[in-house]
Amino acid sequence: MKHLGWKKCCFLMTMVLAAVPLLARQIPSSAATSSPGAALTTSAAAPGSSTTVNDKLAQLDQRVTAAQSAGDNAWMLVSAALVLMMTGPGLALFYGGLVRRKNTLAIMMQSFLLMALISVLWALVGYSLCFGGNGPVIGGFEHAFLRGVGAEPNPDYAGTIPQATFMIYQLMFAIITPALITGATAERMKFSGTVLFLTLWFLVVYAPLAHMVWGKGGLLNASLGGKFPTLDFAGGTVVHISSGVSALVCALYLGKRTGYPKQPMPPHSLVLSFIGACLLWVGWFGFNAGSALAANSLATSAFVATHFATAAAAISWSLAEWFKNGRPSALGAISGAVAGLVAITPAAGFVGPMPALAIGFIAGLVCYWMVTKVKSIFGYDDALDAFGVHGAGGTIGALLTGVFAQQVINPIFGAGKPVGGMDGHWGQLGNQLVGVLFAWSFALVGTIVLLKVTDMITGVRVSETEEIEGLDITQHGEEAYNLES
Amino acid sequence: MMKIEAIIQPSRFESVKDALREIGIEGMTVTEVRGHGRQKGHTEVYRGREYTVDLLPKLKLEMVLPDPLVQRAVDTILKTAKTGKIGDGKIFLSRVDEAIRIRNEERGENAL
């Protein structure tokens, strides 16, 4: 019965996909709109013509705009690619190394699947739900099937780059967010359940939250008329709190892995995790510095802050381990780096290098404490510490943003107006708290409901025998390592 | 004819092999094994979770020798495989009834 429902689901999806080309209006071709420069060269190359000074000034103006657009667009396309690289191979390797060898392909497949699945959903309705319309809770359908998303910029969000660039850049965030949750469901969640749950989660939790924080008119939007202006430069609430808190709910709902915590479950290859973490660090420059949505000095500032916070967090986590266990571990150093990247995400475009060092250092210690102490006190099995790193790191980062944000870095509330506590505007810490609590509750409630729904349709957990045999064989019919073949 | 099975520390393998070659023993079979006797394992810590790893990597050398060579071989292994710490391994001796070379079906000590 359950099986049948799932098959129907697949069939429906295929039908919808097949119908898309019929429904969607043609995206305006870029050649028609985006090359004023090309048209200019011919007319401007005729000296001695009767062109007035005003015409020339207007032409110059257009050329400057075109030049800026070219620079910004180049950076944003690179950033989009960098953010995709964070999911695959970055996160896939990071998580892939942390599981036992029998579950390696399963966890990597989940990240890869999301690269495909969320992309399709994004083109159909996702982008529109996040960035169409100007409602307080969720966007509309005006950009469904990517209608009207082409070479023309959308001045509400990024006035110097084609809206299609903004669209594809934001897609990469929507891909990595649900992928982070798979760290908590690792080694025991059904593949069919994962697909259904994360599809629903993207539509019901991610899309509204992204709209509320980043969308025009969103409830929590700091620059486009939100009621509770929450500072979230690159996704501390939307990406990390939402995925981290949902991860915790998933871990509790699914229950512990068979044999946890008595049976040892050490990472099967820290080499894979190490490479993954390094790719995450590099990719995160696209995530954070790219969130400036232009190749400007704010992007540089975010890049710098991101780097220093990450370095400080790698050191603080390692120091904590060194004091506690007598030895710093490689896994600790890379986990610390990821914690720092998470924590600086909401703050990246609001803080200078010194506060960034502080944020990273604090985040490394807090996340270390979360995964080593708090997890064992409460006994939940957050297999790869998606909550301990992303939920906790995102929360700490969002709150510290309210403390350290400065108008000299980013005058988001208008020139000369104080931004965070360092500027004397401690009320911002309250706004941050509202944003954090809201994101927590929203993710919490949404995830519980969606897990129940998924459980009724496909089921969420594999059988004990399947779990012991491993998800690679039971869910995908293959093995990660056939070393003797 | 006797069979010598020696379980040794992987780090001593090259010295043992060289010393055995010097006394004229070339043939042996080596296997990577895991185990422990009195030596306790070590602990590994992954994000605060401690695991005791009690099966440690060792190498097992097997060789079948004519009687006159056995004592010298044992002495050589004892001398070169020893570090003096717990975990140096063990040597087992057992009598072998027959040996046959597959290529030409030679039997007994000629097959060694």
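Visitor: What is the handedness of the crossing of α7(A) and α8(A)?

Guide: A crossing is left-handed if the near helix is turned anticlockwise from the far one by less than a right angle, and right-handed if clockwise. In this predicted model, the crossing of α7(A) and α8(A) is right-handed. Helices (H or I, at least four residues) and strands (E, at least two) are DSSP runs, numbered from the N terminus.

Visitor: At what angle do α7(A) and α8(A) pack?

Guide: Axes are lines fitted to C-alpha atoms, for helices over the stretch in contact, and angles run from 0 to 180 degrees between N-to-C directions. Helix α7 (residues 191-214) packs against α8(A) at about 145 degrees, and the two axes are 10 Å apart. Contact means heavy atoms within 4.5 Å. Among the residues that make this contact are Trp201(A) and Tyr206(A) of α7(A), together with Ser242(A) and Ser246(A) of α8(A).

Visitor: Is His240(A) buried or exposed?

Guide: Buried means under 20% relative accessible area, exposed over 50%, and partly exposed in between (1.4 Å probe, protein chains only). His240(A), which belongs to helix α8 (residues 236-254) of chain A, has a relative accessibility of 1% and therefore counts as buried. Beyond four places in sequence, His240(A) touches residues including Leu180(A), Trp284(A), Phe287(A) and His390(A).

Visitor: How should I read ring pairs, and how many aromatic pairs are found over all chains?

Guide: Rings of Phe, Tyr and Trp (its six-membered ring) pair if their centres lie within 6.5 Å; planes under 30 degrees apart count as stacked, over 60 as edge-to-face and the rest as tilted. The whole structure holds 20 aromatic pairs over all chains. One of them joins Tyr157(A) and Phe166(A), a stacked pair with 5.1 Å from centre to centre and 5 degrees between the planes. Tyr157(A) is buried at 13% relative accessible area, and Phe166(A) is buried at 3%. Phe173(A) and Phe287(A) have ring centres 4.2 Å apart and planes at 25 degrees, so this pair is stacked too. The pair links distant parts of the chain, since Phe173(A) lies in helix α6 (residues 163-185) and Phe287(A) in helix α9 (residues 270-288), 114 residues apart. Both Phe173(A) and Phe287(A) are buried.

Visitor: Which residues do ring pairs link into a cluster?

Guide: The cluster consists of Trp122(A), Tyr127(A), Phe131(A), Tyr157(A), Phe166(A), Phe202(A) and Tyr206(A).

Visitor: What is the strand order of the open sheet in chain B?

Guide: Two strands pair if DSSP finds at least two bridges between them. The open sheet has 4 strands in the order β2-β5-β1-β6, with antiparallel pairing. Strands β2 (29-35) and β6 (89-95) of chain B stand at the edges, each with a single partner strand, so one side of each has no neighbour in the sheet. On average, neighbouring strands are turned by 20 degrees against each other, direction ignored. Strand β1 (residues 2-8) of chain B pairs with β6(B) over 7 bridges, and Glu5(B) has Phe92(B) as its bridge partner in β6(B). Helix α1 (residues 13-22) of chain B packs on the sheet and touches β1, β2 and β5 of chain B. Helix α2 (residues 67-81) of chain B also packs on the sheet, touching β1, β5 and β6 of chain B.

Visitor: Where is the cis peptide bond with omega of about 0 degrees?

Guide: This bond joins Tyr260(A) and Pro261(A), and Pro261(A) is in the loop between α8 and α9 of chain A. The peptide bond from Gly88(A) to Pro89(A) is also cis, with omega near 10 degrees.

Visitor: What is the mean pLDDT of chain A?

Guide: pLDDT is the predictor's confidence in each residue, from 0 to 100. The mean for chain A is 91, and 90% of its residues reach 70 or more. Over residues 25-45 of chain A, pLDDT stays under 50.

Visitor: What conventions apply throughout?

Guide: Residues are numbered from 1 along each chain as its sequence is written, and chains are lettered from A and ligands numbered from 1 in the order in which they are written. In this predicted model, local features need pLDDT of at least 70, side-chain atom pairs count only at pLDDT 80 or more, and totals for chains, interfaces and linings use all residues, while side-chain values use heavy atoms, with hydrogens and water left out.
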